Amino acid sequence: MNRQKFIDKFIAAFVLLAMFKVIGIVAQLFHESFWSVIGTLIIFLIVAFIILLVITSLKDKEQNNRNSSGRKGSGSSSFYLENSLFDRIRSKYEELAEKYIAEKDYKKAARVYMNLLQDNYRGAKTLENGGFYNEAAVVYLKKLNNKSDAAACYEKAKQFKKAIDLYKEMEQKEKVGDLYKEINDLKNAHHYYQMVAEDYMTNSQMVKASLIYRKKMEKTEDAQKVLLKGWEEDKDAFNCLNNYFANIFDIKKLESEILNLYEKTPAYKKIIYLEAMKHEFKKDLKLQAATRNIAYEIIAEKVNTRSEIVNELKFFNPHDDVILKDISRFKTGRNKMFRN
């Protein structure tokens, strides 16, 4: 096929394609204002003019190459022409979109991305960045099937019911609860929070379940019950115990609870209890006597099977130099006993 005929057919096909595109653009914009349609048509005319300049430039370059090299390399030149043409057109579209963004005309920039560059994601993101959250949500949902970003945009647009429906479809129960709480529908909010808490407990994530009760539902007693259950059933026992004590702010009540729970603690969990006492010992001077006494009992009980536990005495007597000497003598005595 003659090279010039090929180029002419290529240009004709491109122009036809462009005409179909502009018809599509006008159809999409039919429901907008008259001036919006006119503005889009002007954009197209500008872009069409740029395309014609690019085509003319490339044709001239192709003709010069042909004159200088004859028929050699004709196939590669055609391939170069096609790719260069589309690359330059795309580059012009990118520049146009960036120009509109710089001018804060986000809707026009989004149209360039979606209608001319066929990039719906950047179109949606441009609308979102420009504060057109409803419009961005529609693009995310209808063109990209991206429920997550669509729901986030509806949330930003204060379209909470639409966002809730999407989060329900995605089974994001905590988020559903958050949005129901946002619109003061506490009954539904607590219903979904309860489901989240139960899911956590099923997976033995008792601390997370307690946080749902305490922070989201404002049910401190239920949160404490969950933590106590975790401690008793050995489901992340230390963290449950530590958080249980952390939620008691009255020092006298906390001291009483520390003593009561210790009385119920089985022997195999006393080392965990000792670790918890370290946190409580540092919390308040008023707790130091009780926590130190508990520590002494546990150390005395376990020292025969775990001699290294005697080192814990230093923690509960940070300013007592004598205790360090006692620990040293204890270790020396045990070493002599084992050597004999």
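Residues are numbered from 1 along each chain as its sequence is written, and side-chain values use heavy atoms, without hydrogens or water. Because the model is predicted, local features need pLDDT of at least 70 and side-chain atom pairs pLDDT 80 or more, while totals for chains, interfaces and linings use all residues.

Let's start with the helices, which are DSSP runs of H or I with at least four residues, numbered from the N terminus.

| Pair | Residues | Angle | Axis separation |
|---|---|---|---|
| H15 and H16 | 270–283 and 288–302 | about 155 degrees | 9 Å |

Axes here are lines fitted to C-alpha atoms over the stretch in contact, with angles from 0 to 180 degrees between N-to-C directions. H15 and H16 are therefore roughly antiparallel (over 145 degrees). Contact means heavy atoms within 4.5 Å; among the residues that meet are Tyr273 and Met277 of H15, and Ile294 and Ile298 of H16.

Tyr273 and Met277 turn up again in the largest nonpolar core, where they, Phe245 and Ile258 touch the most other members of the 61. Such a core is a set of buried Ala, Val, Leu, Ile, Met, Phe, Trp, Tyr and Cys residues joined through side-chain atoms within 4.5 Å, and buried means under 20% relative accessible area (1.4 Å probe, protein chains only). Helix H10 (residues 186–202) gives the most to this core, six residues.

And Lys269, is it buried or exposed? Lys269 sits in the loop between H14 (251–264) and H15, and is buried at 2% relative accessible area. Beyond residues up to four places away in sequence, Lys269 touches Trp231, Glu232 and Asp234.

Key: Helices (H or I, at least four residues) and strands (E, at least two) are DSSP runs, numbered from the N terminus. Angles under 35 degrees count as roughly parallel, over 145 as roughly antiparallel, 65 to 115 as roughly perpendicular and the rest as oblique. Buried means under 20% relative accessible area, exposed over 50%, partly exposed in between (1.4 Å probe, protein chains only).
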